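Trainee: I'd like a close look at one part of this model, the pockets. Please take me through the space and what surrounds it.

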Amino acid sequence: MINAALIMNLWQFPLMACALLLSTSPSTQAQTQNSFKPGQGWPDSNGVHINAHGGGILLYDNIYYWFGEHKIEGDAGNRAQVGVHCYSSSDLYNWKDEGIVLHVSDDANSEIVKDCIIERPKVIYNGTTGIFVMWFHLEFKGKGYNTARSGVAISDRATGPYQYLGSTRSNPRIWAENAPEPDNKNQPPPNTYVRDHANGQMSRDMALFVDDDGTAYHIYSSEDNRTLQIAQLTDDYTKHNGRYVRSLVNGSNEAPAIFKHNRKYYLITSGCTMWSPNAARSFVADNIMGEWKSLGNPCRGTDQQNKTTFESQGTYILPVSGKPGACIFMADRWQPKNPIDGSYIWLPIQWEGDKPVLKWLDEWSLDFFER
Ligand code: DGJ
């Protein structure tokens with residue numbers, strides 16, 4: 001039987017001690033929520049604004065678990081000072097604080113030492129091993145965004161604690177299935193794909209997706225954010241298995257969020273403008289490994305809303321349990337000057353023929369999907 005301890009031995013990384021305890025001071029007891037209010041404060045069940053940015057959601061045993069970056073005040077909040085925060089909910093409106101499930105380390109030699117960058121954590125559950133597997137974008141402390149690695153952590157429980165296994169560049173010494181070894185690596189001039197062949201492809205903004213057959217995929221901005229790569233994971237979901245493709249080459253996509261609808265795959269991404277919002281893009285494919293076809297900007301609002309994705313950047317697309325076809329686009333309204341103030345934009349995916357589209361709603365509830 002595969003368990004968390006065995007997977008960790010395979011990675012040959014020592015157990016990370018969890019050193020920090022989150023100190024949130026509950027304010028007043030929160031009122032029960034019965035709607036989504038995009039862009040407004042979103043109190044958890046203690047009345048504290050939810051702190052799970054760049055997040056994603058896992059549905060397990062009829063409970064939703066929201067994992068995201070814990071941000072603090074000020075510029076330092078743009079780097080990881082605390083870790084990955086988790087909340088749980090049975091209705092998507094009311095969220096219980098489950099605390100920090102992956103802590104940054106106080107050990108200067110740790111890859112996830114405090115003040116590194118941990119972004120866009122996503123958790124998937126492996127039904128065969130019974131292990132929850134977290135992937136995230138990792139930048140080593142003090143290196144800006146040059147490290148471009150993926151961190152992996154595992155737990156026997158959705159709510160952790162997650163044990164850090166290590167980090168990796170993607171698929172070192174393996175060419176993409178749709179981009180075999182160039183005949184002459186210097187003609188055309190070497191690009192980052194060729195440059196990074198030996199040490200592994202860059203991986204920054206990322207998503208995970210588990211298909212109906214249980215195969216898991218890692219979708220990430222690579223090649224200096226110019227190209228998305230889509231890589232299959234091993235059966236235990238803790239590594240790449242060597243199969244990957246380059247997608248939307250030179251399209252400069254960040255913030256990939258993926259969902260499946262009527263046997264087609266849909267991606268909503270952003271452009272690359274750091275913390276400033278830009279116009280979202282949408283794509284469709286019959287096969288997750290491509291070809292991906294552009295469906296244009298999915299936003300249907302004012303010019304300003306369309307240019308900025310309602311002042312936000314996507315992070316995840318959540319299929320709603322018990323409502324076939326219902327999906328929620330989750331995005332972040334970043335506040336890089338005071339990151340803890342970042343708010344969440346959740347909007348229902350609507351359809352214009354076979355195109356997923358997004359329209360602003362000041363307030364809405366899951367009844368929207370019954371219309
Ligand atoms: C845009 C990315 O989508 C974010 O996750 C973050 O990496 C910022 N860039 C940093 O500027």
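Which strands each supply at least two residues of the lining of the largest pocket?

Mentor: Five do: β1 (53-60), β5 (117-126), β9 (206-210), β13 (254-261) and β17 (313-319). Strands here are DSSP runs of E, at least two residues long, numbered from the N terminus. The model is predicted: local features need pLDDT of at least 70, side-chain atom pairs count only at pLDDT 80 or more, and totals for chains, interfaces and linings use all residues. Residues are numbered from 1 along each chain as its sequence is written, and side-chain values use heavy atoms, with hydrogens and water left out.

Back to those strands. β1 gives the most to the lining of the largest pocket, with five residues. The volume of the largest pocket is about 770 Å³. Its lining takes in 31 residues, and Ile57, Phe209, Val210, Tyr316 and Pro319 are the closest to the centre. A pocket is an open set of points on a 1 Å grid over the protein atoms alone, where a 1.4 Å probe fits, with protein on both sides within 12 Å along at least five of seven lines; lining residues have an atom within 4 Å of a point. Volume is the space filled by probe spheres set on the points, joined across faces, edges and corners. By class, the lining of the largest pocket has 20 nonpolar, five polar and six charged residues. Nonpolar covers Ala, Val, Leu, Ile, Met, Phe, Trp, Tyr, Cys and Pro; charged covers Asp, Glu, Lys and Arg; the others, Gly among them, are polar.

Now the ligand. The ligand sits in the second largest pocket, in the sense that more than half of its atoms lie within 2 Å of the grid points. The second largest pocket has a volume of about 310 Å³. Fifteen residues line this pocket, and Glu119, Tyr145, Asp205, Glu254 and Met274 are the closest to its centre. The lining of the second largest pocket holds five nonpolar, four polar and six charged residues.

Next, the polar contacts, that is, pairs of N or O atoms within 3.5 Å. A side-chain N or O atom of Glu119 is 2.6 Å from an oxygen atom of the ligand. Met274 uses its backbone: one of its N or O atoms lies 3.3 Å from a nitrogen atom of the ligand. An N or O atom in the side chain of Gln313 is 2.9 Å from an oxygen atom of the ligand. Of the 290 Å² of accessible area that the ligand has on its own, the protein covers 94% (Shrake-Rupley method, 1.4 Å probe).

Check the backbone of Arg120 too. Arg120 is in strand β5. Its phi is near 55°, a positive value in a residue other than glycine.

A cavity differs from a pocket in that the probe fits but cannot get out. Glu119 lines the second largest cavity together with Glu69, His70, Lys71, Gly77, Asn78, Arg79, Ala80, Gly83 and Ile118. That cavity has a volume of about 70 Å³. Two nonpolar, four polar and four charged residues make up its lining.

The whole structure has four cavities of 30 Å³ or more. The largest cavity has a volume of about 90 Å³. Its lining includes Gln33, Phe36, Trp42 and Tyr344. By class, the lining of the largest cavity has four nonpolar, five polar and one charged residue.

Terms used: Helices (H or I, at least four residues) and strands (E, at least two) are DSSP runs, numbered from the N terminus. A polar contact is a pair of N or O atoms within 3.5 Å; within protein, one must be able to donate a hydrogen and the other to accept it, and residues adjacent in sequence count only if both atoms are side-chain atoms.
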